[in-house]
Amino acid sequence: MQRFLHGHASHPDWRVALALAAAQIEAERREQAPRGTPTLGWVYFTDHYAAHAAALLAELRQRWSGVEWIGSSGVGIAAGGIEYFDEPALSLLMCDLPRQAFRVFSGAAPLRGFVPSTAQVHADPASVDLADLIRDMSARTATGYLFGGLASARSNPVHVANEVLSGGLSGVAFGADVDVVSRVTQGCLPFGPTRKVTSVDANVITALDGEPALDCLLSDLKLDMSDPKEALPRLRETLVGLSDPNDALADGPAGGRRGSFGAETRVRHLIGLDVARRAIAIGDIAEPGMRLAFCSRNAAAARRDLMRICAEIREETEPEALPLATAQALKNAGPGESGPAQTGIAGAIYVSCAGRGGPHFGAPSAELAIVRHALGDVPLAGFFASGEIARHHVYGYTGVLTVFRSAP
């Protein structure tokens, strides 16, 4: 697999943006010649173009006949080290995978006769059977690992799998020969102890560690409900980190440190209090035995964790021996700079929460600047989602970074 091709642009007219991005891709093709013919492409576009998605896809297929396309709308999109929010823009990524190594799928084009190792998926957040669709797709892969996200838009989100879709789930399945490395980065920090869910009614948790759930929440927040003016703002900022009984909530296998969440933790909203039952309601279905920690968004923790997963990916994908000049350039890259193109990475997909991005990290494009600084100037595309998908879970306030290794 050769280095991916990528291009991106912003313009009020999607046709102009596509022409500008296509010119970047064709320039890269000339620079990297000879190279294989592109077979798979990703297209991410801000919701300004959502109404024109079918025409955009038709133009892509006309420009690059034979390329299969997947993608999604987003309230923001990722392109290299740039984040586009609140402006019309698109981001393209293309590669030359052998056709037998992948299969684009959707409800209208199900997988048949193809055994995937892993898969990238996009989905409509309004799908009523979304959790089942994700679990079923995960079970169909040899590794159980999915990566991707839920389409986002201010009005009607759409996703792409050789056609423009609303509802359901779509994506691309990869065979065992496609070598990917993927990590989840958390964006919230627990402020209380890890507790066990001991009594629950669907999404209403009545007891934690055998004690009334609301009392545990107030204790962890050090709040007294006798002063609602003080309590309500703190409660509105409080989120819930939820983990299955056998998963790591903190100090997890993904390298979580004490006081941080592991990769399996799903952050959910606290949506209500039941004072009569001393219970809390959360934005998910809980089960007895699950573990829970109250948490809040934390930009410093998000930055640290993103740097951590980037370091892990870089360590796993770097050749055992880098040329001396390349290694020195990576070492000397400053905070605002990227290192050289990472020779072990052909391309990358980054799906982050719509509530993250530069504004959360303190400056425009600051989140992607961290990724670019750590991995080098690798071809990257992605979007800011309504929910991030990794394994068989839907996450919130996280980022899912996936890289494709270069062929040896």
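Modeller: Helix α4, residues 213-221, is largely enclosed by the rest of the structure, because seven of its nine residues are buried. Buried means a relative accessible area under 20%, exposed means over 50%, and partly exposed lies in between, with a 1.4 Å probe and protein chains only. Helices (H or I, at least four residues) and strands (E, at least two) are DSSP runs, numbered from the N terminus. This is a predicted model, in which local features need pLDDT of at least 70 and side-chain atom pairs count only at pLDDT 80 or more, while totals for chains, interfaces and linings use all residues. Residues are numbered from 1 along each chain as its sequence is written, and side-chain values use heavy atoms, with hydrogens and water left out.

The buried residues of α4 are A213, L214, C216, L217, L218, D220 and L221. An α-helix has 3.6 residues a turn, so residues three or four places apart point the same way. Just after α4, K222 adopts a positive phi of about 55 degrees.

The setting of this helix is a protein chain with nine helices and 26 strands. Of its 408 residues, 55% are buried. The chain exposes about 16700 Å², and carbon and sulfur atoms supply 51% of that area; the areas come from the Shrake-Rupley method with a 1.4 Å probe, and for residues only the protein chains shown count as cover. Contact means heavy atoms within 4.5 Å. Among contacts in the chain with a separation of 6 or more, 80% are between residues 24 or more positions apart.

Another helix, α8 (residues 357-361), contains H360. H360 is buried, at a relative accessible area of 17%. Leaving aside residues up to four places away in sequence, H360 touches G187, R297, N298, A299, A302 and G355. The C-alpha atoms of H360 and A299 are 6.3 Å apart, although 61 residues separate the two along the chain.

R297 also belongs to strand β21 (residues 291-297), which runs antiparallel to strand β15 (residues 195-201) and is joined to it by two bridges. Two strands pair if DSSP finds at least two bridges between them. K196 has R291 of β21 as its bridge partner. β15 and β16 form a hairpin with two residues between them, and A202 in the turn has a positive phi of about 60 degrees.

Strand β1 holds H6, which counts as buried at 12% relative accessibility. Beyond residues up to four places away in sequence, H6 touches Q24, I25, E28, L92, L93, V378, P379 and L380.

In soluble globular proteins, nonpolar side chains tend to be buried together. A nonpolar core is a set of buried Ala, Val, Leu, Ile, Met, Phe, Trp, Tyr and Cys residues joined through side-chain atoms within 4.5 Å. The largest core here has 34 residues, and those with the most contacts inside it are L40, W42, F174 and F404. Apart from that core lies another, of 23 residues, including L18, I25, Y49 and W69.

The structure holds seven aromatic pairs. One of them joins W64 and W69, which are tilted, with 6.1 Å centre to centre and 45 degrees between the planes. Rings of Phe, Tyr and Trp (its six-membered ring) pair if their centres lie within 6.5 Å; planes under 30 degrees apart count as stacked, over 60 as edge-to-face and the rest as tilted. W64 and W69 are both buried. Further, F4, W42, F174 and F404 form one aromatic cluster.

Finally, the structure holds zero disulfides, a disulfide being a pair of cysteine sulfur atoms within 2.5 Å. For C188, the nearest cysteine sulfur is that of C295, 4.6 Å away. C188 is buried, at 4% relative accessible area, and C310 also counts as buried, at 0%.
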